[in-house]
Amino acid sequence: MKYDPQTALIHAPRKAPQYIETVQPPLFRASTIIFKNTSALFDRHWTDDYDYSYGTHGTPTTYTLGDNIAQIEGGDYCLLAPSGLSAINLVNSCFLSHGDEVWVADNIYGPNMEHLRNLETRYNILVKVYNPIDINSFQPSDKAKLIWLEAAGSVTLEFPDLINFVKKAKEAKVLTALDNTWGAGLAFNAFDFGEEHLSVDLTIHALTKYPSGGGDVLMGSVVTQNKNLHHQLFRMHALQGIAISGDDAALVQRSLASMKIRYQQQSQSALTVLQWLKLQEQIIQVLHPADEHSAGHEYWKEVCETKQSAGLVSVIFKPEYDMTAIRSFCDNLSLFKLGFSWGGPISLVMLYNLSEMRRLPQQHLQHGLLVRFCIGLEKPEDLIQDIANALEKMNKPQSQ
Ligand SMILES: *Cc1c(COP(=O)(O)O)cnc(C)c1O
């Protein structure tokens, strides 16, 4: 049939061959997915692992990425969300109902805590905060539904007694969800760790960080080994219209090839910077799971058998360095840029006032303002020089 040019332009005659091999998988962009015929339309099941019905459910591009993420983390099923926080939200809204109790570490990723507080007020969900370095602070009642774990925790990087937290939660029939962004599936296997081959029920991962590796894509994932949990999540994911763009998925997919090498390098560079930071007189405490004085160091050794530890290093400055001094330090850095997030090529710095962030007493932490360094892919010696310059220029504390 001969069509008008307007129609012919839309219904192009040339189709990609059935199979053509390229280094990166083909990129599908879709809202509509075209059914071959009415049988294909009526015979589909939304519970299929790969439901090619509509763009929100997924395309080969998003399923390829999801399978890869599940594999890296040691799970079987993966759902993708437009950000790490959105993945957290998916877990909370899927599993928490009116009257449930949820346990959350005091050092959990901050916006997760805020999200739970919001659910607490609106839906009568009881939020209980536990001390990540004291397992006795986790006392689930018979209403307890979910515990959020993070190893190492946000900003202060304490490594919890993951083995015993998971065992205790399982005994109490509490669902275990681990924010796996720090370990990224590379520092340890959240679905098979410790001598007893323990496993969490769910992981969320901010793919924004190491998997993206570029500082230019937002994405999150929820991984599990449990088909039943996956189907509950799958349904909520579909109901909430959580979807990611094919272009973003392809960007993350492209970065996965180098993720392990980047993670190793950033872990290694962070250790080099850490060793130097420990010797600086302005700094009263370094926080890093591989540092023998840091809280939970023994649990890190136990769980992270590969001895990797991501690219994050936090330090607490002596209390005489006030906010003005710390701001001048951050402003005088040149290679380190001031910004949130981590896992990208550029090193980042962020300053925190812990006294405004935590709810429980912090005996293991010195008083003083905290600065977190996220080590990028620069040469560590250059980063050290940058920090040395900024320390040199930092406003000196007022003499007492
Ligand atoms: C960044 C981060 C998140 C959230 O990821 P976004 O994609 O930025 O929403 C969640 N958990 C941890 C530990 C993070 O560092």
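Predicted model: local features only at pLDDT ≥ 70, side-chain atom pairs only at ≥ 80, totals over all residues.
Local features were taken at pLDDT of at least 70 and side-chain atom pairs at pLDDT 80 or more, while totals for chains, interfaces and linings use all residues. Residues are numbered from 1 along each chain as its sequence is written, and side-chain values use heavy atoms, without hydrogens and water.

The largest pocket has a volume of about 690 Å³. A pocket is an open set of points on a 1 Å grid over the protein atoms alone, where a 1.4 Å probe fits, with protein on both sides within 12 Å along at least five of seven lines; lining residues have an atom within 4 Å of a point. Volume is the space filled by probe spheres set on the points, which are joined across faces, edges and corners. The lining comprises 35 residues, with Tyr109, Gly110, Pro111, Ser154 and Tyr352 nearest the centre. Because domain 1 (38-253) and domain 2 (259-393) both contribute to this lining, the largest pocket lies between them; the domain bounds come from an automatic or database assignment.

The second largest pocket holds about 380 Å³ of space. Its lining residues include Lys15, Tyr19, Phe28 and Ile34.

In helix H8 (residues 246-256), Gly246, Ala249, Val252, Gln253, Ser255 and Leu256 are buried, that is, under 20% relative accessible area with a 1.4 Å probe and protein chains only. Helices are DSSP runs (H or I, at least four residues) numbered from the N terminus. Helix H3 (60-73) and helix H9 (259-277) are among the elements covering these buried residues, contact being heavy atoms within 4.5 Å.

Technical notes. Buried < 20%, exposed > 50% of the residue type's maximum accessible area, 1.4 Å probe, protein only. Helix = DSSP H or I, 4+ residues; strand = E, 2+ residues; numbered from the N terminus.
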